[in-house]
Amino acid sequence: MKKTILITGGAGFIGSHVVRLFVQKYPAYTIVNLDALTYAGNLANLSDVETASNYIFEKADINDAAHMDALFAKYQFDGVIHLAAESHVDRSITDPLAFVRTNIIGTVNLLNAAKAAWKGTMEGKRFYHISTDEVYGTLGDTGLFEETTPYDPNSPYSASKASSDHFVRAYGETYGLPYVITNCSNNYGPNQFPEKLIPLFINNIKSNKPLPVYGDGKYTRDWLYVIDHAIAIDLVYHKGKNEETYNIGGFNEWQNIDLIKLLCTIMDKKLERTPGTSEGLITYVTDRPGHDRRYAIDASKINEELGWKPSVTFEQGLEQTVSWYLENQAWLDNVTSGNYQDYYENMYASR
Ligand code: NAD
Ligand code: TYD
């Protein structure tokens, strides 16, 4: 069936995997990738699909409401998969307003554009909002985030994502906009910008730079391979129920320090270094303010209702991720040139 789907943030980490999946799997769809190409957006992530006949790129900022309205009028989208966001917690601590603008106001601009374009013809339309498990706040030693867990965000990033989730729900309740939301755990894999834990540490190990472990290193995250997230997004877009939320997670909890040691072991092997070399780079640094202690997802709803589960183990995914970064030096050089050095100095010099 022919459809025109808007994917926002498609030049970013997760978005690029979603765009690739949709472009390749659905030749009858037209996939419009809308991205402002901030520091995190990189069209090189999509070089293998950029000439596909069912793919269109639009450089645009979701903060520009008039531009959003114009694009909805131009393409008559059947659906939206909204991933564009400011996504890094540490940056949200330095500059919360950037997160308010893109994550909250930008999302509301898209909701307004969809509401206006779909007025009177909501049937068959869908606004799919991609969110995070961080909206639920932090867990103690036990328990899991469920879809019914109350929102309790602790960082400016998670507060902005929580707010955008509320707006999406409110547009469903108030204006009848057909929506679905997923809240996913930490992703890892190829094409992730090296500000997040795993790619930053791979890059530092390669260059023999210190590995800055925040606090006591015993913070826990639930890790999911990005391609498994993209597969879940495809499933929810096509089979999920309107007005529902689905949690997506890897059934894969790791304390940071244990994950870092595993990564060091894989890197020593790949780089043919003496075992233990990379662990010697571990450096404990000042903690992140408001650092959530533990995230863990109960993904049984998407598993039972839609039959989704992760397809790769963490060891397989991490190994593939390390190989990708080692084989794609040009990609890494490109994203770490320019402002990256300044970012790194500002973020880590004072820790
Ligand atoms: P990312 O930072 O790698 O990519 C974000 C993309 O959005 C970039 O291409 C950027 O250019 C674009 N963008 C930013 N501001 C924009 C604007 N104003 N207008 C248009 N485009 C803009 O992020 P990611 O890690 O791929 O995350 C994608 C989505 O998934 C986000 O909504 C994030 O909250 C959510 N999420 C991420 C994770 C994770 O572990 N990375 C986990 C759960 C949910
Ligand atoms: P991150 O990748 O920033 O994701 P999030 O904060 O959204 O979970 O961080 C993952 C974990 O790693 C988190 O507990 C913070 C920690 N961390 C470090 O210890 N050092 C670092 O340099 C970074 C970037 C993160």
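This is a predicted model: local features need pLDDT of at least 70, side-chain atom pairs count only at pLDDT 80 or more; totals for chains, interfaces and linings use all residues.

Residues are numbered from 1 along each chain as its sequence is written, chains are lettered from A and ligands numbered from 1 in the order in which they are written, and side-chain values use heavy atoms, with hydrogens and water left out.

**Stop 1: strand β5**

Select residues 126-132, which make up strand β5. Helices (H or I, at least four residues) and strands (E, at least two) are DSSP runs here, numbered from the N terminus.

Strands pair if DSSP finds at least two bridges between them. Strand β4, residues 79-82, runs parallel to β5 and is joined to β5 by four bridges; look for H82 opposite H129. Strand β6, residues 179-184, is also parallel to β5, with six bridges, and here I130 stands opposite T182. To get from β5 to β6, the chain passes through helix α5 (residues 156-175), a right-handed β-α-β crossover. Right-handed means that, with the strands pointing away from you, the path from the first strand over the helix to the second runs clockwise.

**Stop 2: ligand 1**

Which elements each supply at least two residues of the shell around ligand 1? They are α1 (13-25), β5, α5 and β7 (186-188), and β5 gives the most, with three residues. Select the 29 residues that surround ligand 1, the closest being I14, D35, S87, Y157 and K161; a residue is near if one of its heavy atoms lies within 4 Å. By type, the shell has 14 nonpolar, twelve polar and three charged residues. Nonpolar covers Ala, Val, Leu, Ile, Met, Phe, Trp, Tyr, Cys and Pro, charged covers Asp, Glu, Lys and Arg, and the others, Gly among them, are polar.

Zoom in on oxygen atoms of the ligand: one is 2.5 Å from a side-chain N or O atom of D35, and one is 2.7 Å from a side-chain N or O atom of K161. A polar side-chain atom of D61 lies 2.9 Å from a nitrogen atom of ligand 1.

**Stop 3: ligand 2**

Ligand 2 is surrounded by 19 residues, with E134, R221, R288, H291 and Y348 the closest. Ten of the shell residues are nonpolar, four polar and five charged. Go to P212, where a polar backbone atom is 2.7 Å from a nitrogen atom of the ligand. For Y348, a polar side-chain atom lies 2.7 Å from an oxygen atom of ligand 2. The elements giving two or more residues to this shell are α6 (197-206) and β8 (211-214).

**Stop 4: E195**

Finish in the loop between β7 and α6, where you'll find E195. Is E195 buried or exposed? E195 counts as buried because its relative accessibility is 3%. Its side chain makes a polar contact of 2.9 Å with that of Y39; a polar contact is a pair of N or O atoms within 3.5 Å, and within protein one must be able to donate a hydrogen and the other to accept it, with residues adjacent in sequence counting only if both atoms are side-chain atoms.

Technical notes: Buried means under 20% relative accessible area, exposed over 50%, partly exposed in between (1.4 Å probe, protein chains only).
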